[in-house]
Amino acid sequence: MTTYYTSEHEWISVDGDVGTVGITTFAAGKLGDVVFVDLPDAGKSVKKDADMAVVESVKAASDVYAPVTGEILEGNSAIVDAPAKVNEDPEGAGWFVKIRLADKGQLSGLMDKTAYDAFCATQ
Amino acid sequence: MTMNSTGRPTSITANGGAGTDMTVSGSKGLLQAEGLIFEIGSTDKTGVDLPKPKGAKSRLGGVTRSTSSGLPGLTEPEAVRHYVRLSQRNYAIDLGLFPLGSCTMKHNPRLNEKVARLPGFADVHPMQPQSTVQGALEVIEELADWLMKLTNMPAVAMTPKAGAHGELAGMLAIRAALIARGEGEKRKRVLVPVSAHGTNPATAAQCGFIIDEINAAPDGRVDLEDLKSKLVDSSDVAGIMLTNPNTCGLFERDIKEIADIIHAAGGYFYCDGANFNAIVGRVRPGDLGVDAMHINLHKTFSTPHGGGGPGSGPTVLSAALAPYAPVPFITKTADGLRFVEHHDEAPNSFGRMCAFHGQMGMFTRALAYILSHGADGLKQVAEDAVLNANYILARLKPLMSPAFEGYCMHEALFSDAFLKDTGVETIDIAKGLIDEGYHPMTMYFPLVVHGAMLIEPTETESKAELDRFCDALASIARRAVQKDPSLKTAPHLAPARRLDETRAARSPRLKWTPETPTMKAAE
């Protein structure tokens, strides 16, 4: 499994043609305590860089963008019931959705961990 | 030497004033602790004892209530004290400077209140025959005339009941105009700057438009190049929503050019008039190419708001949008004034936004404000509002970090750059202000400025009051830079300390139940 990162602070961990998507530890830290998550329904088609989910913290409501084009296979209902999980383990149990990738070629436009860490240092 | 050993001491002795903030009663000083009305009332108490009606038969058939309604009963003094105590926990413009940026918390002149309470205005009903309320209709008509003159716009919809409701009126008029042009399905994109009030994109989305964000330039204004790049293909553009002065407290210098390129692209220009108070009497939006703009009577024209009264958002319209204005509106006839209410008389109107004619109480207050100031006075209102904000900006500049270079309009905006490496954050500054007896400024808005602190003093504050506020904020800024840890736990002197906002949002308790334990200050 390889994990890729976007400049909008989403991560996608790819296994075959299925990607697990969430927001990064950096983003979760910046958002502060997450209090509400809205996820797309399974079966929905999402487009790369378009709004996919909503995450709301005490500070702000933010859109989460789809890092790739594809079909939503599953949303993580655990974070809908307990949004605190996003803060506790953003790049693990706090994942948002699983997507079936339409075009794996889109991954080459994303950052790897080293590039993303360097990017965060400039933010 | 004679001593009066029973007299009261003339100096603070025991404890030296450094007492505990815990009391047996829960009250602090003369600020009374107060529970919820359900906690202090009981169903077996009542303020007034009435004799049981004799000989009256129930006409409820078999549906008479058999159990108690559970409504709390209080004696009259308990009821009076309950609400007075709650009101004492409130901060109000009548209590002190209310520096909330973007909100324009100016003084509500008492003359307005006197006029609004005249029986001819206060005691009329929207359902009574229009021939009996000609004076009230004349007030609406005269206010409408002032608003059109001050903005140099040919029409105004008086019915919208708040700023965002006015936005809705303007955007629905734009949608109606596009539909009339046969482009309703084609032109769906509305451009909104990132610094916009949240209501702008929300309103556009509510009207079925798609939002396209425009970036801010480093000087805090609209990035003209970004705007132009979004108009390369403009066949789907419905219009732009722009606030001027913008939410950074800056005048959009390129506004005329922005209006021209939007019009050239076939779109309309919605101006958010929330900050009209900074330019009233000085700038007429109609001269700048605006197609629609709401005017917050509760901001620019001093009617009470923020818990003290309803909003009112009349929306001025250009000749292009005027035919689509909502009903009802007033028309002059040989027999006097009357409302145009129905489709047969206003076939192009997009419809009705509320049951009646808008906020009558706000109309009378706003007109009283306008007439008591006159055109020259309104101009001075704008000038003094800008002057006061710049005074605050100048006084605090050495200690805090202005978000942008140069003068501001009616509000001073600071970033949290001066707090870097102190551990103190914008919210701590705001909480510190509470201890100093002030309502906090607007914080973390606009979103384009990191840790924003937006301060709008309005024209109604004296120099002495501005100085007192600046002294307080300056001392907090100094403490912050010195990493004073007590700021992290402020407020220390307020009835309630820091509230657990996360818990309140994650597990809100929206209904009181008898099992709910007695409310305590969340400390």
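In this predicted model, the largest nonpolar core holds 121 residues, and the members that touch the most others are Ala173(B), Ile174(B), Tyr270(B), Ala292(B), Leu317(B), Ala366(B) and Leu413(B). Helix 10 of chain B, residues 360–396, supplies the largest share of this core, with 17 residues. Both domain 1 (111–370) and domain 2 (379–493) of chain B are represented in this core, each by at least three residues. Nonpolar side chains in soluble globular proteins tend to be buried together. For Ala366(B), the residues touched are Leu143(B), Leu297(B), Phe301(B) and Thr303(B), when residues up to four places away in sequence are not counted. A second core, separate and made up of 31 residues, includes Val21(A), Leu39(A), Val46(A) and Leu101(A).

The contact between chain A and chain B involves 6 residues of chain A and 5 residues of chain B. On the side of chain A that touches chain B, 4 residues are nonpolar and 2 are charged, while no polar residue is present.

Chain B has 523 residues, of which 40% count as buried. Its C-alpha trace spans about 90 × 80 × 50 Å along the principal axes. The secondary structure of chain B consists of 13 helices and 13 strands. Among contacts in chain B with a separation of 6 or more, 72% are between residues 24 or more positions apart.

The domain assignment divides chain B into domain 1, covering 111–370, and domain 2, covering 379–493. A distance of 31 Å lies between the C-alpha centres of domain 1 and domain 2 of chain B. In the contact of these domains, 18 residues come from domain 1 of chain B and 18 residues from domain 2 of chain B. The side of domain 1 of chain B that touches domain 2 of chain B comprises 9 nonpolar, 7 polar and 2 charged residues.

Strand 4 of chain B is mostly covered, with 7 of its 7 residues buried. Strand 4 runs parallel to strand 2 of chain B, and 3 bridges join these two strands. Within this part of the chain, Val190(B) has Gly239(B), in strand 4 of chain B, as its bridge partner. Strand 4 also runs parallel to strand 5 of chain B, to which 5 bridges join it. Opposite Leu242(B) stands Cys271(B), a residue of strand 5 of chain B.

Just after helix 7 of chain B, a positive phi of about 90° is found at Gly208(B).

Conventions. Residues are numbered from 1 along each chain as its sequence is written. Chains are lettered from A and ligands numbered from 1 in the order in which they are written. This is a predicted model: local features need pLDDT of at least 70, side-chain atom pairs count only at pLDDT 80 or more; totals for chains, interfaces and linings use all residues. A nonpolar core is a set of buried Ala, Val, Leu, Ile, Met, Phe, Trp, Tyr and Cys residues joined through C-beta atoms within 7 Å. A residue is buried if 20 or more other C-beta atoms lie within 10 Å of its own, exposed if 12 or fewer, and partly exposed in between; C-beta atoms are placed from the backbone. Helices (H or I, at least four residues) and strands (E, at least two) are DSSP runs, numbered from the N terminus. Domain bounds come from an automatic or database domain assignment. Two residues are in contact if their C-beta atoms, placed from the backbone, lie within 7 Å. Ala, Val, Leu, Ile, Met, Phe, Trp, Tyr, Cys and Pro count as nonpolar, Asp, Glu, Lys and Arg as charged, and the others, Gly among them, as polar. Two strands pair if DSSP finds at least two bridges between them.
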